[in-house]
Amino acid sequence: LRANSFSASAALIRHSMAPERHDRCWLARLPSCFSFLGRHRPERREPSSWKAAAPSASSSSSSQLPPLAEACEEIRGSCRGRLALAARKLEVAARLVPVLICCTIDLNRRKGPRHVRANTRRLRLALEALGPAFVKLGQCAASREDILSDEVAAELRQLCDQVAPYPCEIARALVKAELGDRAPADLGVVVAAASLGQVYRVTLDGRRYAVKVQRPGLARALAKDVVILKGLARWTRLLVRWFCETAVDPVDVVDAWALTLWDELDYKKEGRSSENMRAALCRSIPGLLIPPVNWDLSSLRVLTTDWIDGSKVTEDPKCVRAEHIMVGVQAFAAMILEVGVVHADPHAGNMIIAEQGRRVCLLDFGMVVTVPPSHRRAWARCIVHLVRMEHDAVLDALIDLGFFPPDCPRAEILPVMSKIWVQLVECGSDIKKRKVAVQMLYTEILTFIRRFKFGLPDYYVALARALVTLEGIALAADCDFDIFKAIFPVALRFVASNSMSDTAAIGTALVASSARRLLGRLACRR
């Protein structure tokens, strides 16, 4: 026992003196370093999907991803899992707290920050080292160039497709284990690496393919992060319920987000979503391109599609033109209003301007959300009435969507929300006007949060994140972009084509609104 203790201590000392110690926190290796303490205990069995994370000859492409709840319970239910959770919490704190301290000190300098690029690089490396859950947050922030400076956004954009790759030998073994004799003889070199996997360009029978290979050990790592985030959400729930009347539960928000992210680990499901979206959208939207899937070279953790040449939006955000923005608006409006399945991760790394600028290529349909049929019409009516300032109808649509209960106090809500909605539409996508509007509407927003009970559809967080990310990409290329003006015609056409009663109501509203403006102008002239 003393010999084993000495060996474990020596291993820790050697690891702490290694040059790569900043890449792997020693806390993450604590359970393995002290494994001698449990040497005489029977080995605990782990889910089959986690064993499959280490490629072996016995791995099968027919393996299924376990439910997220089962994976999280496996983490919480064992002593080893609880130790790993404690180590993970310390690792998160050890990586993020120093970065936050450096950023705070730099931002509070009298002459302004001087180390923005260096601090952003520290943040990017910390998020990259912490894994997919944290990389997703960085990807979302990277698209908001209207809020962040150019150098900060450029640094965070590397999280979209320039994450540090894992060794190619592991990827080759995984592909061989998943595909067997169908596996390509040579994967070549990594052309892009993201939070969940990395992509290789392979040529077979004169045709080029993009082969995406999942990172090993991803299911277990993600399950640990979900357990930690749920714990934080429970504490947040106490604060939310103390300060406001909202029915929104932070735990439910984290659950919905985690389930969406968990589905990304199933590449077979991603392939089906991509094929369904390609069939539903590419014929009706001429400028849209979605590459077909090669099912012979795809499995649970390997996905192969046709290779698409073009300009990456991550490398050149200015390559996006007005016609590309309209293709994106039409595509996402059709996803929400017609298809009912929405690409929930449209960061710049998942978009390519292809065929010499003639088409927009969408990639990575692993994270998608479903909009119920009844909600699609409600969203269209909400957008149309919001732009037309018909606030009574907007509230009706929000009640149908579940934001407010049917018996909500309309007489109290409308005066408060009308002010917020008017400013929201007038600001459009101008972030400076939005900041001023938030300051002006502070009282109304505080009243809304504290007094009124409201909820969120289970898909809303992922949907809002997707639209905010898409808006950020558009703003990076076109400062005059207004998301309400862009989506209004699409929503109006959808409402007009789906319900004659809605069309008549909107026509009446348009006539009434035009008459009010005309009477207002006549009164001003007098």
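## Overall composition

The protein chain contains 22 helices and 10 strands; helices (H or I, at least four residues) and strands (E, at least two) are DSSP runs, numbered from the N terminus. The model is a predicted one, in which local features need pLDDT of at least 70, side-chain atom pairs count only at pLDDT 80 or more, and totals for chains, interfaces and linings use all residues. Residues are numbered from 1 along each chain as its sequence is written, and side-chain values use heavy atoms, with hydrogens and water left out.

Of the 526 residues in the protein chain, 49% count as buried. Here buried means under 20% relative accessible area, exposed means over 50%, and partly exposed lies in between (1.4 Å probe, protein chains only). The chain exposes about 27,600 Å², of which carbon and sulfur atoms supply 58%; accessible areas come from the Shrake-Rupley method with a 1.4 Å probe, and for residues only the protein chains shown count as cover. Among contacts between residues at least 6 apart in sequence, 69% join residues at least 24 apart, where contact means heavy atoms within 4.5 Å.

## A mixed four-stranded sheet

Four strands form an open sheet in the order S4-S9-S8-S6, with mixed pairing. Two strands pair if DSSP finds at least two bridges between them. Strand S4 (288-289) and strand S6 (310-312) are the edge strands, each pairing on one side only. S8 and S9 are antiparallel and share four bridges; Ile 353 has Val 360 in S9 as its bridge partner, and Ile 352 has Cys 361 in S9. S6 and S8 also run antiparallel, joined by three bridges, and Gly 310 stands opposite Ala 354 in S8.

In a regular strand the side chains alternate between the two faces of the sheet. Strand S8 is covered on both faces: Met 351 and Ile 353 on one side, and Ile 352 and Ala 354 on the other, are all buried.

## Loops beside the sheet

The hairpin of S8 and S9 has four residues between the strands, and Glu 355 there takes a positive phi near 55°. Gln 356 lies in the loop between strand S8 (351-354) and strand S9 (359-362). Its phi is near 55°, a positive value in a residue other than glycine, and Gln 356 is exposed, with a relative accessible area of 76%.

Asp 364 belongs to the loop between S9 and strand S10 (368-370). The phi of Asp 364 is positive too, near 60°, but Asp 364 is buried, with a relative accessible area of 18%.

## An enclosed strand pair

Strand S3 (residues 207-214) and S5 pair in the antiparallel sense over five bridges. Because five of the five residues of strand S5 (residues 302-306) are buried, S5 is largely enclosed by the rest of the structure.

## Nonpolar cores

In soluble globular proteins, nonpolar side chains tend to be buried together. A nonpolar core is defined as a set of buried Ala, Val, Leu, Ile, Met, Phe, Trp, Tyr and Cys residues joined through side-chain atoms within 4.5 Å. The largest core has 107 residues, and those with the most contacts inside it are Trp 379 and Phe 404. Helix H14 (residues 322-339) gives this core its largest share, 10 residues. A second, separate core has 13 residues, including Leu 179, Ala 183, Leu 297 and Val 302.

Leaving aside neighbours within four places in sequence, Phe 404 is in contact with Leu 395, Leu 398, Ile 399, Ile 413, Phe 448, Lys 453 and Phe 454.

The buried residues of helix H4 (residues 68-76) are Leu 68, Ala 71, Cys 72, Glu 74 and Ile 75. Seen down the axis of H4, these residues fall within an arc of 155°, so they line one face of the helix; the arc is that of the directions from the helix axis to the C-beta atoms.

Glu 338 is placed in helix H14 and is exposed, with a relative accessible area of 52%. Glu 338 and Pro 373 are 35 residues apart in sequence and 8.5 Å apart in space, C-alpha to C-alpha.

## Cysteines

A disulfide is taken as a pair of cysteine sulfur atoms within 2.5 Å, and by this rule the count is zero. The sulfur of Cys 102 is 6.9 Å from the closest cysteine sulfur, in Cys 103, which is too far for a bond. Cys 102 counts as partly exposed at 31% relative accessibility, whereas Cys 382 counts as buried at 8%.
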